[in-house]
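Work through the following exercises with the sequence and the model open beside you. Try each task before you read its solution.

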Amino acid sequence: MIPVRLFKNYIGLFCVCIIMGCGYKSNTDNRTVFNINLEDGLTSLDPAFARNQNALWMDNQLYNGLVQINDSLKSVPCIAKSWSISADGLQYTFHLRNDVFFHDDPLFTNGKGRKCVAADFAYSFGRLIDPKVASSGSWIFSDKVAGKQSFIAQNDSTFIIKLKQPFPPLLSLLTAQYCSVVPHEVVEHYGKDFRSHPIGTGPFKFKHWKEREVMVLLKSERYWEKDSTGRPLPYLDAIKAGFISDKQTAFMEFIKGDLDFFNGIDGSYRDDILTKSGKLTSKYGGRFMMNIRPYLNTEYLGILIDTNISIVKHSPLKILKIRQAINYAIDKQKMIKYLRNSIGTPGYAGFIPQGMPGFDGKQVSGYSYNPDKARRLLAEAGFPNGRNLPEIVLNTTTTYRDLIEYIQGELDRVNIKTRVEVTQGASLRELIAKNGVNFFRGSWIADYPDGENYLSVFYSKNKIPFGPNYTGFNNKEFDRLFEQTYRVNNDQERYALYRKMDNLVMGQSPVVVLYYDKLVNLYQNNISGYAKNAQNLLVLKRVRKNIK
């Protein structure tokens, strides 16, 4: 048995061996290491800059917030054990646990992590809206609070947020990794270098990061959460992340057993893994576990409809019946089956995706496949058989070229002629953000699990340059209902209003909802306890890895 006082040195040496590739096998002493790959790299471990999936995944291991989501996307207690909301919806009072400690760091007294208190949340949230920090998460609070004074530490265990106006989805918003708590003395000491010296309260603590090569996180021995039997979490001893940029190469590492988890299936080898019906091919049957579930991502075609914009004035897309004809012309079921091996759900309802709390495809009227109706609408718009209809330009990126060329073929069958323009991703995003294109492929991935996040895309006050209303949608009844939802605290009543708004959007067709995405997560057969949430948030504190 290893003496307790030597354990830290032992586990440190153990991880250094992993990092240096010295041949040390993690299962020789029953210590469990979860191996993953971060193909898109990683720029920061500072939660104030948790703007992409890899950062979200790693930050979720290192940090905690007031609340967290469960697999049903409900906000449940985390560091806040309970909370109350004032009758006017303007004040949220959180009561904090008293057994949560930051990870050890030399900047703390005697190098031991101190207790996390309400003042730490006041500091962390104030930091998000500090223009000097320039956090990519400033939007979380910037339009909701009057300033840093809106975050109040009443005492060590009571934290208050004061809003300028009610915002019922606030608890969902607070589950975002941007809202993680950080210690002021460590952040202020390292400044911008906190990105690579992270200290949080999460189930794992930072050990090593050699950028673009390897990262290691170790189990936090003082982590506060326990399972239903009273056993401390996490179960794993460590997490090791690699940075293989080529997805096919990374997949081969997974097949060899060198990775425990693999996210998504690239189109270049999708047919090798999946049948057209979305099942594992016989080649891989039984070799690993595949988990498929709804993903809060709506893939769509956006249509600029604001006739005050010059490029819209002479576009046939300004005509509602043309936009509706496009919606009816696309066989989404066939598209999903043959281009995505059935990974996705045809977008027959609204903009809010399947998997979102409150989604009801029967109460939101979208568009099914009806080419005859598309042709009738085209004739009613004054272009029978497409005669005299100007060619429409459809903008996309290389990644989605096959999808867009399929759509081009579908539109051609109903005599809507299109020309596909392929643009580099960053350039196209910039054009869309400046209302520079009429017709484009887009996707909206949930920032937080509430339908408000999707409907905000159509709120008139969020038009460019003030927000993400890329289609220029403007509807007074929609805006009235959108603002009304801020005064509705009951979730079911609010979801009913969401469905009304979604129906209004579908009636005006500023978008063509192509499909609601699905997640494909692969795990080795000896892994259990993994999360199944529709946000694809990697939760490893309850994961077990049985030694082979």
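This is a predicted model: local features need pLDDT of at least 70, side-chain atom pairs count only at pLDDT 80 or more; totals for chains, interfaces and linings use all residues.

**Exercise 1.** Describe the protein as a whole, from its elements to its overall dimensions.

*Solution.* First come the elements, which are DSSP runs numbered from the N terminus (helices are H or I with at least four residues, strands are E with at least two): the protein has 16 helices and 19 strands. Next, the radius of gyration, taken over C-alpha atoms, is 25 Å, close to the 24 Å that the globule rule gives for 548 residues, so the protein is as compact as a globular protein of that length. That rule is 2.2 Å times the number of residues to the power 0.38. Along the principal axes, the C-alpha atoms fill a box of roughly 85 × 60 × 40 Å. Finally, 55% of the 548 residues count as buried, where buried means under 20% relative accessible area, exposed over 50%, and partly exposed in between (1.4 Å probe, protein chains only).

**Exercise 2.** Which strands pair with strand 10, and in which sense?

*Solution.* Two strands pair if DSSP finds at least two bridges between them. Strand 1 (residues 33–37) pairs with strand 10 in the parallel sense over five bridges, and here Asn35 stands opposite Lys240. Strand 9 (residues 214–219) runs antiparallel to strand 10 and is joined to it by five bridges, with Met215 as the bridge partner of Ala241. Strand 10 (residues 238–242) has four of its five residues buried, so it is largely enclosed by the rest of the structure.

**Exercise 3.** Is Thr397 buried or exposed, and which residues does Thr397 touch?

*Solution.* Locate Thr397 in the loop between strand 14 (392–396) and helix 12 (401–413). Its relative accessibility is 14%, so Thr397 counts as buried. Leaving aside residues up to four places away in sequence, Thr397 touches Val422, Thr423, Gln424, Gly425 and Leu428.

Technical notes. Residues are numbered from 1 along each chain as its sequence is written. Side-chain values use heavy atoms; hydrogens and water are left out. Contact means heavy atoms within 4.5 Å.
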